[in-house]
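Please look over the chain shown here. A short briefing on its fold and a few of its residues comes after it.

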Amino acid sequence: MVERQVLGTRVSARSRSLYFGERMQSGNDPIQTLIVDDDPFMLALLEKHLTKRGFAVIKATNGREAFEVLRQVGPPLLITDLVMPDMDGLELCRLVRSSPEIAFTYVIMQSGMTDKESIMSGFEA
């Protein structure tokens, strides 16, 4: 089982998936999700699909804006594009992981990049 130790607390991949599954099935408040993309079409598409499935969506158009939202609002889930102007998804992810107050944020990176180097960079971030 994959575990991550952050600030002295172990969190397994299974417990994280159970948390989201229970939240979605129990009828609790929707899970706040920050989506980040410089393409307005992709933002609208993601927002449509996520809200349809019960997520509360917050949008940002670049990494700097997203980081400010994360620090102020602290949504538990971040879906970000890899390639963006101003601050890309890799830099955003590294910044999130190095910030103790938001280090527990779940990050999903999306991209049209398919080369091994880009994929490995995403995992390493």
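This is a predicted model: local features need pLDDT of at least 70, side-chain atom pairs count only at pLDDT 80 or more; totals for chains, interfaces and linings use all residues.

Residues are numbered from 1 along each chain as its sequence is written, and side-chain values use heavy atoms, with hydrogens and water left out.

**Whole chain**

- The chain holds 5 helices and 6 strands. Helices (H or I, at least four residues) and strands (E, at least two) are DSSP runs, numbered from the N terminus.
- Along the sequence the pattern reads β-β-α-β-α-β-α-β-α-β-α.
- Of the 125 residues in the chain, 36% are buried. Buried means under 20% relative accessible area, exposed over 50%, and partly exposed in between (1.4 Å probe, protein chains only).
- Take the contacts between residues at least 6 apart in sequence: 60% join residues at least 24 apart. A contact means heavy atoms within 4.5 Å.
- The accessible surface of the chain is about 7,700 Å², and 54% of it belongs to carbon and sulfur atoms. Areas come from the Shrake-Rupley method with a 1.4 Å probe; for residues, only the protein chains shown count as cover.

**The sheet**

- An open sheet is built from 4 strands in the order E4-E3-E5-E6, with parallel pairing. Two strands pair if DSSP finds at least two bridges between them.
- E4 and strand E6 (106-110) are the edge strands; each has a single partner strand, so one side of each lacks a neighbour in the sheet.
- On average, neighbouring strands of this sheet are turned by 20° against each other, direction ignored. Axes are lines fitted to C-alpha atoms, for helices over the stretch in contact, and angles run from 0 to 180 degrees between N-to-C directions.
- Strand E5 (residues 77-81) and E6 run parallel, joined by 5 bridges. Within E6, Met-109 stands opposite Thr-80.
- Helix H3 (residues 63-73) packs on the sheet and touches E3, E4 and E5; its direction makes about 165° with that of E3.

- Strand E3 (residues 32-36) pairs with strand E4 (residues 56-60) in the parallel sense, over 5 bridges.
- With helix H2 (residues 40-52), E3 and E4 make a right-handed β-α-β unit. Right-handed means that, with the strands pointing away from the viewer, the path from the first strand over the helix to the second runs clockwise.

**Thr-33**

- Thr-33 lies in strand E3. Its bridge partner in E4 is Val-57.
- Thr-33 is buried, at a relative accessible area of 0%.
- Beyond four places in sequence, Thr-33 touches Leu-50, Phe-55, Ala-56, Val-57, Ile-58, Pro-75, Leu-77 and Ile-79.
- The Thr-33 side chain reaches the backbone oxygen of Ile-31 at 3.4 Å.

**Glu-47**

- Glu-47 belongs to helix H2. Glu-47 counts as partly exposed, at 25% relative accessibility.
- Neighbours within four places in sequence aside, Glu-47 contacts Ile-35, Val-57 and Lys-59.
- Glu-47 and Leu-34 are 13 residues apart in sequence, with 9.6 Å from C-alpha to C-alpha.

**Asp-86**

- Asp-86 sits in the loop between E5 and helix H4 (89-97).
- Asp-86 has a positive phi of about 75°, although it is not a glycine. Most residues other than glycine have a negative phi.

Terms used: A polar contact is a pair of N or O atoms within 3.5 Å; within protein, one must be able to donate a hydrogen and the other to accept it, and residues adjacent in sequence count only if both atoms are side-chain atoms.
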